[in-house]
Amino acid sequence: MYEFNTKPFTAADYLIHLKDRAFRATDIVENTFNVIEKLEPTLNCFTETCKEQALAAAAATDARVKDHTFGENNILDGVPVGFKDNMNMLGTNTTCSSQMLKNYKSTYTATCVNDLLGEGALPIGKLNMDEFAFGSSTETSVFGPSKNPHDIERVPGGSSGGSAAAVAAGYFPIALGSDTGGSIRQPASFCGVIGIKPTYGVVSRYGVVAFGSSLDAIGPFARTMQDAALAMNALKKRDPKDCTCQGADVDFTTVIDGNVKGMKIGIVKSFLEAEGLTTEVKHKIEEAAKVLEEASAELVEIELPNAKAAISAYYVLGPCEAFSNLARFDSVRYGYCEEGHPDLATQYEASRKTGFGDEARRRIFLGSYLLSAGVYEQYYYPAQQVRTLITQDYKNAFEKVDCILAPASPRTAFKFGEISDPAQMYLSDMFTISINIAGNGGMSFPVGNGEDTGLPVGAQLIAPAFKDENMLRAASALEQHYGPAQIAEVE
Ligand SMILES: NC(=O)C[C@H](N)C(=O)O
């Protein structure tokens, strides 16, 4: 058997070595599980692993290698991957890291999961998250938090914290996450990996447990732009099962050549002056701007005058949509059931009380209140109006620039328990939320470590709607300067 070196492979490496027959896909699965066995007791990235399914997929890859059809129609043939645990996959539970769904068995497979598996990827397991994707730290998971591989006393971010941490630790080169207000970009920033939230409508939401249906987006984590582009190519298909998904007609691997000559990059002055932005993150973003300028891009100052209202609007719209979406978890149609109650109403009440954690209940209460008569007009309407204004801000900005550079998160990873006030936690997404509201694409690229904390910092690149290639192109110029994401040494 080929001796795997200690440096974990990228997807592109795996594809080359499988083709060379340096090792078999079955060896990849064994090796991946050896790494997981070693690190998982510390990191807690998984809610469940699925070695049998990975081995079955690996056997299919190995058969393709044998009959010389390897990689022909499969762009991720033999590449190990992981899925956030709000994505349905037959043969696994889909728990959303909640007591409510702890025993819920997927009855079908989400399109995004099928997109990767259909390309020959090997499913390693389901990844930990904040309960129902409510949070920025994975601390609300019923399975306990995942750890940041760069410093295990710190959170990996959230809600897709398990996905970001698994890729940063080198379990596999690609994992999927979901992003409603920042849940891919913020953990990517905290864990020093690439995280992409595509434009709403590029990747199918079918089969992913809904949080905010008008805000949710699915995207990949990776350590190199090549792998990120491969994953985007697998995911960007139109899906008749999600009527909002039109896909994208771009080969993302062709736009990551680092060439940003003449590209106009917007710098949002008010973001860089925002209260709460730490100096080290600000410095890193200014440095990234210089890197792009030196690569012959043109920096243009822009304003997004209504973006400051984004968090307020999100915490009206998000909970309203979550409240409606989570109504199905009622102990009868879906979810945890506390038996022995005299009538249905008390069974509902008791089951939902035990089944949902504090943050989920907070959002449900908030959404139910905000949608009630009288209150609705006062909050929901204005929030929708703010949404139009923010969308218009981005449209105006993208008449002047091709891409926007901003911080992904105002700070680097915080310690467990450090942020206990929910309103404080909500500020984690101060630079990401407006993009979900407008529907554009946004991504985080790791630009090295902050001068004060020594922890990873992510630069956010924001693209016009359905022009995700612009941000991937700009990120590839950053990659040429900073290099790909580094695997964390877990101590
Ligand atoms: N799901 C997300 O995108 C995360 C966001 N921090 C929230 O709690 O809503």
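Analyst: Arg-362 counts as partly exposed, because its relative accessibility comes out at 34%, and buried would mean under 20%. This is a predicted model, by the way. The partner of Arg-362 is Glu-359: the two form a salt bridge whose closest N and O atoms sit 2.3 Å apart. Both residues belong to helix α12, which runs over residues 358–370, and they are three residues apart, about one turn of the helix. Glu-359 itself has a relative accessible area of 10%, so it is buried.

Glu-359 also pairs with Arg-363, in a salt bridge with 2.8 Å between the closest N and O atoms. Again both ends lie in helix α12, here four residues apart, which is about one turn of the helix. In this pair both Arg-363 and Glu-359 are buried. Elsewhere, shared partners link salt bridges into one network made of Asp-115, Glu-119 and Lys-237. As a bit of background, side chains of opposite charge can pair when their charged atoms come close.

Zooming out, the whole structure holds 17 salt bridges. One of them joins the side chains of Arg-64 and Asp-77, with 2.7 Å from N to O. Arg-64 is in helix α3 (residues 51–66) while Asp-77 is in the loop between α3 and β2 (80–84), so this pair ties together parts 13 residues apart in sequence. Arg-64 and Asp-77 are both buried.

Now for the ligand. The shell around it has 15 residues, and those that come nearest are Ala-133, Gly-181, Ser-183, Tyr-314 and Asp-429. By type, the shell splits into five nonpolar, seven polar and three charged residues. A backbone N or O atom of Gly-181 is 2.5 Å from a ligand oxygen, and a polar backbone atom of Gly-135 is 2.9 Å from an oxygen of the ligand. Ser-183 uses its side chain instead, with an N or O atom there lying 2.7 Å from a ligand oxygen. On its own the ligand has 270 Å² of accessible area, and the protein covers 99% of that.

Next stop is Ser-428, in the loop between α14 (422–426) and α15 (433–438). Its relative accessible area is 6%, so Ser-428 is buried. The side chain of Ser-428 reaches the backbone oxygen of Met-425 at 2.8 Å. If you skip neighbours within four places in sequence, Ser-428 touches Ser-136, Gln-186, Ala-408, Ser-409, Pro-410 and Phe-414.

Last one: Leu-272, which lies in helix α8 (residues 269–272). Leu-272 counts as buried because its relative accessibility is 15%. Leaving out neighbours within four places in sequence, Leu-272 has contacts that include Ile-267, Lys-282 and Pro-407. Leu-277 and Ile-285 are also among the contacts of Leu-272. Leu-272 and Gly-450 are 178 residues apart in sequence, with 15 Å between their C-alpha atoms.

How values were computed. Residues are numbered from 1 along each chain as its sequence is written. This is a predicted model: local features need pLDDT of at least 70, side-chain atom pairs count only at pLDDT 80 or more; totals for chains, interfaces and linings use all residues. Side-chain values use heavy atoms; hydrogens and water are left out. Helices (H or I, at least four residues) and strands (E, at least two) are DSSP runs, numbered from the N terminus. Buried means under 20% relative accessible area, exposed over 50%, partly exposed in between (1.4 Å probe, protein chains only). Contact means heavy atoms within 4.5 Å. A residue is near a molecule or strand if one of its heavy atoms lies within 4 Å of it. A polar contact is a pair of N or O atoms within 3.5 Å; within protein, one must be able to donate a hydrogen and the other to accept it, and residues adjacent in sequence count only if both atoms are side-chain atoms. Accessible areas come from the Shrake-Rupley method with a 1.4 Å probe; for residues, only the protein chains shown count as cover. Ala, Val, Leu, Ile, Met, Phe, Trp, Tyr, Cys and Pro count as nonpolar, Asp, Glu, Lys and Arg as charged, and the others, Gly among them, as polar. A salt bridge is a side-chain nitrogen of Lys or Arg within 4 Å of a carboxyl oxygen of Asp or Glu.
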